[in-house]
Amino acid sequence: MPQTARPLSPHLKIYRWGIQMITSVLHRATGIVLAVGSLLIAAALVALAAGPEAWSHVTAIAGSWFGLLVLFGWTWALAFHLVNGLRHLAQDAGWGYAIAQFVRNSWLSVVGSFVLTALVWGVVLVRGGGL
Amino acid sequence: MSGFDRFRTPLKNARGLGAAKDGVHHFVVQRITAVALFFLVIYFVGFLVSLAGADYAAARAAVAHPCNAVLLIAFLIAMFWHAQLGLQVVIEDYVHTPGLAILSQLAVRFACVLAALASVLAVLRIALGA
């Protein structure tokens with residue numbers, strides 16, 4: 001922390017929210033969420049290796065309304081980080097920096113994440129199984 | 001770009017890899033794991049969806065299949081590696097107290113390595129039928 005109270009440059013809150021800021025913030029936020037989710041994946045695999053009783057706890061939690069909510073949220077976070085991550089890789093290659101393109105492909109990340117989430121859960125529903 | 005050339009001196013070469021001492025290594029590894037995860041995440045979600053409604057024996061048999069076991073282990077390593085690199089940057093950006101920053105970097109690294117080892121061991125135990 002600064003030792004003296006110097007004037008600071010204006011930060012995020014002075015800007016009007018735009019889709020570019022939302023995708024940027026969401027990429028980081030979904031990354032943190034997915035890091036926590038990765039611990040749940042590890043826990044589920046350890047339970048699967050431990051035996052049927054431990055696994056029955058996993059399926060009970062995953063099948064509850066709270067578990068399904070977490071799974072649904074995890075799917076969306078993963079879908080967004082995947083699509084927007086692809087966008088970041090394209091930007092690393094130098095593509096898509098013109099403002100109109102940037103706004104358009106930001107929306108593509110947001111819309112694409114919902115489409116992917118719906119696709120995955122649509123397949124799960126059609127196959128007729130919970131976890 | 002040529003306008004910037006006059007600011008360039010051989011100093012950057014003499015100093016090697018910059019203040020971080022590892023150049024762009026973090027950036028590069030973050031992207032390599034990202035490209036790997038693009039494919040592995042699609043595989044992993046497909047694997048999970050294919051297991052929807054499966055019982056214990058079916059789930060275990062699916063994980064035990066050599067192709068799945070290899071891809072799952074690749075996914076787990078890439079995921080925890082990528083997570084550590086990402087969380088490292090988040091901590092660098094927002095935690096400014098030196099002691100707390102070091103403690104949280106250590107905690108994230110230890111958690112990612114332990115979770116990676118535990119989950120890879122779990123897949124191996126299932127694949128090897130232990």
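The questions below go from the interface between the chains to the packing of helices.

Tutor: This is a predicted model, in which local features need pLDDT of at least 70 and side-chain atom pairs count only at pLDDT 80 or more, while totals for chains, interfaces and linings use all residues. Residues are numbered from 1 along each chain as its sequence is written, chains are lettered from A and ligands numbered from 1 in the order in which they are written, and side-chain values use heavy atoms, with hydrogens and water left out.

Student: What share of the area buried between chain B and chain A do carbon and sulfur atoms give?
Tutor: Contact means heavy atoms within 4.5 Å, and 36 residues of chain B are in contact with 29 residues of chain A. Buried area is the accessible area, taken with a 1.4 Å probe, that two parts lose on being put together, summed over both. Between chain B and chain A that area is about 2800 Å², and the share from carbon and sulfur atoms is 78%.

Student: Which residue of chain A meets R31(B) in a salt bridge?
Tutor: A salt bridge is a side-chain nitrogen of Lys or Arg within 4 Å of a carboxyl oxygen of Asp or Glu, and by this rule 2 are found across the interface of chain B and chain A. One of them joins R28(A) and D93(B) at 2.8 Å, N to O. For R31(B), at 2.6 Å from N to O, the partner is D92(A).

Student: Are α4(A) and α2(B) roughly parallel or antiparallel to each other?
Tutor: Helices are DSSP runs (H or I, at least four residues) numbered from the N terminus, and their axes are lines fitted to C-alpha atoms over the stretch in contact, with angles from 0 to 180 degrees between N-to-C directions. The axes of α4(A), residues 99-127, and α2(B), residues 25-51, come within 9 Å and cross at roughly 20°. Angles under 35 degrees count as roughly parallel, over 145 as roughly antiparallel, 65 to 115 as roughly perpendicular and the rest as oblique. The two helices are therefore roughly parallel.

Student: How does α1(A) lie relative to α3(A)?
Tutor: Helix α1(A), residues 19-50, packs against α3(A), residues 65-92, at an angle of about 130°, with the axes 9 Å apart. By the cut-offs for angles, α1(A) is therefore oblique to α3(A).
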